[in-house]
Amino acid sequence: MTQEGIMTETEVITYVKATLDFFDETAELACTEIGDGNLNYVFHVVDQASDRSLIVKQAGSVARISDEFIVSPDRNRIETEILRLQGTLAPGYVPEVYHYDGEKNCVVMEDLSDYTILRKALLEQRQFPELAEHLSTFLVETLVSTSDLVLNHKEKKELVKSFTNPELCEITEDLVYTEPFFPHPRNDVFAGTRPYVEQEIWGDNRLALETAKLKFHFLTHAQALLHGDLHTGSIFVTPTETKVIDPEFAFYGPAGYDIGNLIANFIFAYVHSGYTSEGAEQESFQAYILETIETLVDSFRTKFVLAFEAKATEPVARYEGFLEHYLAGVVEDAIAVAGLELCRRVIGIAKVADLTSITDEQARTEAEITCLTLGKTFILERANYQTGSSITDAIKGVPPYAGN
Ligand code: SR1
Ligand code: MG
């Protein structure tokens, strides 16, 4: 059942015809609701005669996954504004916005049906050689240019105001930073994995303390304008192009957040392939994922330095040693977020298909414990992974779990 205020497919056709000059007046449009995310409704509208098409994304006042999440439809404005901003900062890496409607809480945008969602493609073990370069460019261009390194500090504060996103941030504060690390009723732990979680995650006070420090860092560190939910389900790909979608969790937070999320989600794809393929196929895909993580991190570092050199306006940021200090902090935050994401997708309510689609119980348990082991290491030792190869060495070196 759809929520109050959400258009039917027929109403979307009427709306699009009345509001936009996109299709011919006589066009016979077909509309299908195709959303499979946790929050919104997504309508695909197509004129089969001309093959022109677009997407209408509408936000309701509660999450689609469960009405216990009350989420302001203002997220639709935030998504529209950040897509427009990212489109200027990193041209070609986000869908084009055609129209925004603050009464219906919907945004009309470019249809990317010719692309594939990256998570799905990685589960099929497809490889995209340009992906890490595209993503590192996108991240550097959007993060550096929205930070106090580059922006006039008053302008930046205006952006912080405009992208204040309390309800979506609360979801992240709860689902990423809090609930997975104690026995919260909303958690959803696979039976085979539970003994490990009880002992190694919920039973470790040292880990709890570090997650508390990280939560307060997330709450208070308005460093750059983030996507805020950059997992592999938020990326569309073709063999040559990459588009980042769904930035409704956008807000000013720690600049390492998005890259950390990406690292964890590449690790999910790596772990998945370990239980669903074998031989040369598995070897080739896992080598590709490791290379992607290394390039993502190392190119991010290189491009960050170049963007800083070219664009930084804050004079004290150019003092000797400051850039190294700043960048090391960003990468440390990224590793911590990778660790949190690795844990929360196993323990918390919001899962990833990379793990849930592993049908053999023992295999899923092993896969999940691998993610938790790495996640915990990344949280506790987050300062020790500054280069791509240090991260991939950790992934290759996860000890096999000895059993419960
Ligand atoms: C209630 S929303 C659950 C999750 O879905 C989104 O994609 C975010 O990852 C969020 O944590
Ligand atoms: Mg999303």
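Predicted model: local features only at pLDDT ≥ 70, side-chain atom pairs only at ≥ 80, totals over all residues.
Helix axes here are lines fitted to C-alpha atoms over the stretch in contact, and the angle between two of them runs from 0 to 180 degrees between N-to-C directions.

Start with α11 and α13. Helix α11 covers residues 322–347 and helix α13 covers residues 361–380, and the two pack at an angle of about 150°, their axes 7 Å apart. Angles over 145 degrees count as roughly antiparallel, and α11 and α13 are therefore roughly antiparallel to each other. The crossing in which α11 passes α13 is left-handed. On the α11 side, the contact is made by Ile335, Ala336, Ala338, Gly339, Leu340, Leu342, Cys343 and Val346. Helix α13 answers with Glu368, Cys371, Leu372, Leu374, Gly375, Lys376, Phe378 and Ile379. Sorted by class, this contact comes out at 12 nonpolar, 2 polar and 2 charged residues.

Helix α13 also packs with α8 (residues 205–220), this time at an angle of about 60° and with the axes 10 Å apart. Here, too, the crossing is left-handed. Arg206, Leu207, Glu210 and Thr211 of α8 meet Lys376, Ile379 and Leu380 of α13.

From α10 come Leu290, Ile293, Glu294, Thr295, Val297 and Asp298, and they meet Gly388, Ser389, Ile391, Thr392 and Ile395 of α14. In terms of class, the α10 contact with α14 holds 5 nonpolar, 4 polar and 2 charged residues.

Stepping back to the whole chain, the protein is divided into domain 1 (9–108) and domain 2 (116–396). The centres of the two domains, taken over C-alpha atoms, are separated by 27 Å. As for how they touch, 18 residues of domain 1 are in contact with 21 residues of domain 2.

Around ligand 1 sit Asn38, Leu39, Ala63, Ile65, Phe69, Ile171, Leu175, Asp229 and Ala350. By class, the shell has 7 nonpolar residues, 1 polar and 1 charged. Both domain 1 (9–108) and domain 2 (116–396) give residues to this shell, so ligand 1 lies between them.

Note on methods: Residues numbered from 1 in each chain as written. Chains lettered and ligands numbered in written order. Helix = DSSP H or I, 4+ residues; strand = E, 2+ residues; numbered from the N terminus. Parallel < 35°, antiparallel > 145°, perpendicular 65-115°, else oblique. Left-handed = near helix turned anticlockwise from the far one by under 90°. Contact = placed C-beta atoms within 7 Å. Nonpolar A, V, L, I, M, F, W, Y, C, P; charged D, E, K, R; others polar. Domains from an automatic or database assignment. Near = placed C-beta within 6 Å.
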